Amino acid sequence: MNATKMIFQRLEKKYLLTHEQRSCFLAQAQSHLISDPFGPATICNIYFDNAQDHMIATSLQKPPYKEKLRMRSYGIAHEDMPIYLELKKKCRGIVNKRRIALSLAEANTFLKTGELISAHTQIAKEIEYVMHFYRPYPKVFLAYDRVPLIGKDEKDLRITLDTGIRRRYDNLCLDAHDQGALLMDESMTLMEIKVSAAYPLWLSHLLAQLSLYPISFSKYGRIYTADCLTRAQSEVRNMRYDETINIRTERNGVHSCLTAYSMK
């Protein structure tokens, strides 16, 4: 657990690929990339926010600085694996990720109480400050299936391919299952390119050749936006239904009777 990297600082760009674009990219990039030693995995996350969804709402406004708090496991959590509590910050395009490793028992305690059993490190103190400032709690479970690749010659190059992005709002723990409602079509891949500085030339040329351009894409942000829209549409439909019922009952002269009945 101690050998795992806990602090990251890098540039990250995201690209949304069709199945055909993914196949073409991998076919032409294969001589420059190798599989990450950690291998493919299902990434399970729990994102935290407060009752006003302040952290994600602020993030969607694209300010110069934004931050998120999440808990992550690589696969369904169990007793013999580390679980990471991460503070992800983005400042003027540079992503900083700072995390601590927890046992399953410590992670579940944090999910229930928001308290760290051991908070002696600098990163733990930063997380405690965020908990005190925002008062966040578990909001959504988010999972996806990831294939990670690294540069054969560029050791700081990391490319991840994520599919099956899904979420749920119940059973907010990492040791249950990884099922949830899909965010987008399973044939689509979210590719993330992570580097410490500039892209290698071969990668820049390949992206241009395939007409692949970076997009703004936050998994939690897209889920928040999509589900807010769904709730708003549902509320509008309910309002229209209620208005229709009121009009019909008023025409039939029984509006007061129905109102009285509903109040009982």
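I looked up Ala181 and found that Ala181 lies in strand E9, residues 181–182, where strands (E, at least two residues) and helices (H or I, at least four) are DSSP runs numbered from the N terminus. The model is predicted, so I kept to its limits: local features need pLDDT of at least 70, side-chain atom pairs count only at pLDDT 80 or more, and totals for chains, interfaces and linings use all residues. Residues are numbered from 1 along each chain as its sequence is written, and side-chain values use heavy atoms, with hydrogens and water left out.

I noted that Ala181 counts as partly exposed because its relative accessibility is 43%; buried means under 20% relative accessible area, exposed over 50%, and partly exposed in between, with a 1.4 Å probe and protein chains only. Leaving aside neighbours within four places in sequence, I list Ile165, Arg166 and Arg167 as contacts of Ala181, contact meaning heavy atoms within 4.5 Å. From Ala181 to Leu142 I read 9.4 Å, C-alpha to C-alpha, at 39 residues apart in sequence.

Next I turned to Ser59 in helix H2, residues 54–60, which is buried at a relative accessible area of 3% and touches Lys66 and Lys68, not counting residues up to four places away in sequence.

Last I checked helix H3 (residues 104–113), in which Leu104, Ala107, Phe110 and Leu111 are buried. They are on the same side of H3 because they cover an arc of only 125 degrees around the axis, the arc being that of the directions from the helix axis to the C-beta atoms. I recorded that the buried residues of H3 pack against several elements, including strand E3 (41–49) and helix H4 (122–134).
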